[in-house]
Amino acid sequence: MMLDVRGLNPPQPAVMIVEALGKLQVGETLEVIGDKPFVDMLGRLEEAGYRVELKEVGGAFVLRIMKTEDSRELTMEVKECDDKLDKITEETNVGKLLKAYPESLKILLKYGFSPLENPEMRKTLARTITLKQAKELIGMSDEKFKEMMEELKALETG
């Protein structure tokens with residue numbers, strides 16, 4: 001299985017790797033191509049019993065992860081969101097926002113946060129990212145972000 005995470009910002013590569021590993025059978029290998037050396041993942045993968053090999057090839061990094069009989073499921077350390085949301089700011093956690101204001105999903109999708117169309121991404125990625133980080137992840141302009149924030153803040157007043 002092959003996965004290309006070049007150009008993606010954390011935590012998206014880690015989320016995608018964890019999801020792909022869940023589909024591997026013992027003896028199968030996941031090959032991940034990235035533009036960073038996966039330093040935050042290597043130790044966790046080895047601790048979970050995966051065999052890992054990292055090479056630099058032409059300016060990219062190739063991480064080979066083999067599932068062994070000793071491999072344990074790897075999960076993203078995700079903080080549970082409570083329902084309370086004092087105020088919507090650029091530092092607001094996307095998962096928390098979606099939980100407190102389910103109607104915010106339409107606004108986020110309208111402004112290009114297309115990964116949130118996938119229910120799995122809403123469960124994983126959304127809980128690990130703030131609105132500001134999501135803005136950077138999709139390369140949204142400051143002007144569009146300001147417009148979106150105004151629409152989201154309107155939800156607070158009902």
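Confidence first, and this is a predicted model. In the chain, helix α5, residues 119-123, has the lowest confidence, with a mean pLDDT of 80. The highest is in helix α4, residues 104-110, at 95. pLDDT is the predictor's confidence in each residue, from 0 to 100. Helices here are DSSP runs of H or I, at least four residues, strands are E runs of at least two, and both are numbered from the N terminus.

The chain average is a pLDDT of 86. Of the residues, 93% score at least 70. Over residues 78-83, pLDDT stays under 50. The model has 13 contacts for these residues beyond four places in sequence. Contact means heavy atoms within 4.5 Å.

Two ground rules. Residues are numbered from 1 along each chain as its sequence is written. Local features need pLDDT of at least 70 and side-chain atom pairs 80 or more, while totals for chains, interfaces and linings use all residues, and side-chain values use heavy atoms, with hydrogens and water left out.

Next, the layout. The chain has 7 helices and 4 strands. From the N terminus, the order is β-α-β-α-β-β-α-α-α-α-α. The C-alpha trace spans about 55 × 35 × 20 Å along its principal axes.

How is the chain divided into domains? Domain 1 is 2-67, and domain 2 is 94-155. Those bounds come from an automatic or database domain assignment. The C-alpha centres of the two domains lie 26 Å apart. Domain 1 gives 5 residues to the contact, and domain 2 gives 9.

On to the interface. About 580 Å² is buried between domain 1 and domain 2, with 66% of that on carbon and sulfur atoms. Buried area is the accessible area, 1.4 Å probe, that two parts lose on being put together, summed over both. On the domain 1 side, Pro11, Gln12 and Val15 lose the most area to domain 2. Together they make up 61% of what that side buries. How many salt bridges cross the interface? The rule, a side-chain nitrogen of Lys or Arg within 4 Å of a carboxyl oxygen of Asp or Glu, finds 0 between domain 1 and domain 2.

Two local points. Thr29 sits in strand β2, residues 29-34. Beyond its neighbours within four places in sequence, Thr29 touches Met1, Leu24, Arg64, Ile65 and Met66. Thr29 and Gly59 are 30 residues apart in sequence, and 22 Å apart C-alpha to C-alpha.

Last, the rings. The charged end of Lys135 sits over the ring of Phe145, 5.7 Å from its centre. That rule wants NZ of Lys or CZ of Arg within 6 Å of the ring centre and within 35 degrees of the ring normal.
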